[in-house]
Amino acid sequence: MKKLKLFPAVIALALLAGCASPGLNKQQKRAVSSYAQSAQALNGMAGQEFLAIRNQVIELNKLTAAFSPTWDAEDKDFDRALNVVDTRTRVKAVATLRSYAELLSGFVDDWEDDRIKGAAANFVSNVRDLDSNQKIDDNYLNVFEKVVTGIGRIFVEKKKKEAVVAVVAMSHEQVAHLCDLLIKDFSGVGGYTSQLVTTASQTLVAADSYLRKSGEQPGRDSAVEAYDLGQLALQRHAELHAGISEAAEHMKQANTDLVDVLREKKPQPFKSFAHFKLTVEALAETAQYYTR
Amino acid sequence: MSTIGKNLNEVLMDTTMVILFAPDGPDRDKLVEEHANLSEKMQDLIDKSIMEGTVEYDAAIAALEEASEMLDVAKADVNKIVGVIEKIAKAAKVVGELVSTLA
C-alpha cells in the first residue's frame, strides 16, 4: 500500500527534476530560433531561384532563336548547362539545409518529441540522398539518429539540450560544405548563375544589334521581349543572387558560432546571427520584387 | 579578395552595358566580337572546378582587372571603347588559357 502511494510521488519528483534540469538558456534558444528561421527563409528562396534561373535561361534562348540567325534551328539546347538533373541536385541540397533548420526549430519551439524525430528523420534522409560532391562523410548519421531518438518523456529539456548540441556539432561540417556550394552557385564562375549571366549577356547584345537594323523585321517582337528579359535577368543577378551568396556566407559563419553558443564557449557571438537575419530579411524584400 | 567568378561576371555584364550604349560603327562591331569570345570562354568554365593561385588563374584575374578599369572609363564616356576592345580581347585570350588547363 505504501509503495502504491509512493509511486506517484516518485513520478512527480522525476518530472520536477526534468523541468528543473538545465535545458537551453534564453540566449541559446534565441540564437537557435533566429538561425533556424533565417536558414529556412534563405533556403526556400534559393530553391525557388534555382528553378527560376533555369526557366529564364530557357526563355532567353527561345526568344533569341526566334530572331537570331546564329542559332541553329535544330539546336534545341535551350537550357545549356542547366539540365534537369543538375538543377534537381541543387534543389535537393537547399532542401537538406532547410530540413536541418526545421529540425533546429523543433528543439526551441516546443515541438512534441515525435515531431522532432520526424524532422530528424527527414534531415537524415536528405543527407543520405545528396550527391557525392555534396556529401561529407555521413558515418555520423547513425549516431545522429540515436541521439535524437534518445529524447524521452522525462528529463525532456536536458535531453533536448544534449540533442541539439550534438546535432549542431555533428552537422556542422556538412552544413558548411553545402553553404560553400551555395555561395559558389550564386556568385562564382562555373556556378549555376554564371549560365544566366552568360545567356542574358549574349541575348542582350544579339537583341540590341538586331533592333538597331532599320526597317520592319519579322523577329522584332521577340527581340524586344528578349532585350527586356535580358536586362531584368542581369539586374536580378546583381541584386538577388549577390544577396543569396552573401546570406549563405552569413549562414556558414552563424552555423560555426552556433556550435560555440550551444557549448557556451563564446560570451558574445551574437553578431553573426543578427547579420544573417538582417541579410535574409532584406533579401526577402528583393525576392518579392522579382517573383511578383 | 578577387575571385575569377565575380570578376568575369562583372566584366561580361559591364561589356554588355557598354555595347548597348555604344554608337553604331566598326568599334562597336569589334567589341561585339570580343564579347562573344569572352562569353564563350565563360560558358566553358560552367560547372568546372577551378584551382585558385595557379599562374593561369592569377593571369586571368589580372587581365580581368585591367579590363574592368577600361570599362569604367567607357561607362563614363561610351565613345571611348577602343581601349576596352583591346583589354577584352586580352581577357578572352587569358581566360581561354585557363580553360585549356581544365580539360
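Contact means heavy atoms within 4.5 Å. By that rule, 26 residues of chain B are in contact with 25 residues of chain A. The model is predicted: local features need pLDDT of at least 70, side-chain atom pairs count only at pLDDT 80 or more, and totals for chains, interfaces and linings use all residues. Residues are numbered from 1 along each chain as its sequence is written, chains are lettered from A and ligands numbered from 1 in the order in which they are written, and side-chain values use heavy atoms, with hydrogens and water left out.

The size of an interface is often given as the accessible area lost when the parts come together. Buried area is the accessible area (1.4 Å probe) that two parts lose on being put together, summed over both. Between chain B and chain A, about 2,000 Å² is buried. Carbon and sulfur atoms give 58% of that area.

Two salt bridges link chain B and chain A (a side-chain nitrogen of Lys or Arg within 4 Å of a carboxyl oxygen of Asp or Glu). In one salt bridge, the side chain of B:Arg28 meets that of A:Asp208 at 2.6 Å, N to O.

On the side of chain B that touches chain A, H1 and H2 of chain B each give two or more residues. Helices (H or I, at least four residues) are DSSP runs, numbered from the N terminus. H1(B) gives the most, with twelve residues.

Chain B itself is assigned domain 1 (1-49) and domain 2 (51-103). These bounds come from an automatic or database domain assignment. The domain centres, taken over C-alpha atoms, are 9 Å apart. In all, 26 residues of domain 1 of chain B are in contact with 27 residues of domain 2 of chain B. The area buried between these domains is about 2,200 Å², and carbon and sulfur atoms give 79% of it. In domain 1 of chain B, B:Ile4, B:Val11 and B:Val18 lose the most area to domain 2, together 23% of what that side buries.

The count between the two domains of chain B is one salt bridge. The side chains of B:Asp14 and B:Lys75 meet in a salt bridge at 3.3 Å, N to O.
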